[in-house]
Amino acid sequence: MLRPWTTAEAGAVLGGARSVEWADDFPAEGDRVVAGLFAQFPAWLGDYGHRLVIERDSGLVVGSVGLFWPPSEGALEIGYGVVGSRRGRGYAAEAARALTEFALTSPDVSTVFADVELSNPASVRVLEKAGFRCSASGEGQVRYSLTRSAG
């Protein structure tokens, strides 16, 4: 399940507080980075922003997924992460797919993409499972994207 971050949760992450609603290893480093950027990018807390990934069975926060709003020329970057204790369960791919489908409902977005380091094959697998396809490659990086279908 996905739900928006709150400013209180971002403050707790930045302040090092613990919540009983978080998996033991949440937040990961990427979650701390994103929480620290909400003040600079308040749109990331909006409709097309960042979400927390909630494990259905336990109700615990196990990661986050987000759109780096606003889009540029119809393209929008996505980022995602799931804590180590919950990896390999398909949560990141499911979250990336759901948020991408939602992003593509915006008239301002025609493509969602993610740049992945070749040294991170697990992230490549997440994107492939979410329906993304390789669209470009460069030095040590690959861009995966999903484009809204015509019609």
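Predicted model: local features only at pLDDT ≥ 70, side-chain atom pairs only at ≥ 80, totals over all residues.
Colleague: What makes a stretch a strand or a helix here?

Modeller: Both are DSSP runs, numbered from the N terminus: helices are H or I with at least four residues, strands are E with at least two. β6 covers 133-138 and α3 covers residues 91-103, so each gets its label from such a run.

Colleague: How do you know that β6 and β7 pair?

Modeller: Two strands pair if DSSP finds at least two bridges between them. Five bridges join β6 to β7 (residues 141-147), and the two run antiparallel, so they count as paired under that cut-off. Arg133 has Ser145 in β7 as its bridge partner, and Ser137 has Val142. The two strands form a hairpin with two residues between them, and Gly140 in the turn has a positive phi of about 75°.

Colleague: What about β5 and β7?

Modeller: They pair over seven bridges, again in the antiparallel sense. One example is Val116, whose bridge partner in β7 is Val142.

Colleague: Which order do the strands take in the sheet?

Modeller: The seven strands run β1-β2-β3-β4-β5-β7-β6 in an open sheet with mixed pairing. β1 (2-4) and β6 stand at the edges with a single partner strand each, so one side of each has no neighbour in the sheet. The twist averages 30° from one strand to the next; axes are lines fitted to C-alpha atoms, for helices over the stretch in contact, and angles run from 0 to 180 degrees between N-to-C directions.

Colleague: Which strands does α3 lie across?

Modeller: It lies across β1, β2, β3, β4, β5 and β7, running at about 155° to β4. Contact means heavy atoms within 4.5 Å.

Colleague: Why is the Glu9 and Arg3 pair called a salt bridge?

Modeller: The rule asks for a side-chain nitrogen of Lys or Arg within 4 Å of a carboxyl oxygen of Asp or Glu. Glu9 and Arg3 meet at 2.5 Å, N to O, so the pair qualifies. The count by this rule comes to six salt bridges.

Colleague: Is Glu9 buried or exposed?

Modeller: Buried means under 20% relative accessible area, exposed over 50%, and partly exposed in between, with a 1.4 Å probe and protein chains only. Glu9 has 12%, so it is buried, whereas Arg3 has 26% and is partly exposed.

Colleague: Where do Arg32 and Glu29 lie?

Modeller: Both are in helix α2 (residues 29-37), three residues apart, about one turn of the helix. Arg32, at 36%, is partly exposed, and Glu29, at 53%, is exposed.

Colleague: What makes the Arg86 and Glu55 pair a link between separate parts?

Modeller: Their side chains meet in a salt bridge at 3.0 Å, N to O. Arg86 lies in the loop between β4 and α3 and Glu55 in the loop between β2 and β3, so the pair ties together parts 31 residues apart in sequence. Arg86 is buried at 14%, and Glu55 is buried at 6%. Salt bridges with shared partners join Glu55, Arg86 and Arg89 into one network.

Colleague: Why is His50 called buried?

Modeller: Its relative accessibility is 3%, so it counts as buried. His50 is found in strand β2. Leaving out residues up to four places away in sequence, it touches several residues, including Trp5, Val34, Phe38 and Trp44.

Methods
Residues numbered from 1 in each chain as written. Heavy atoms only, no water.
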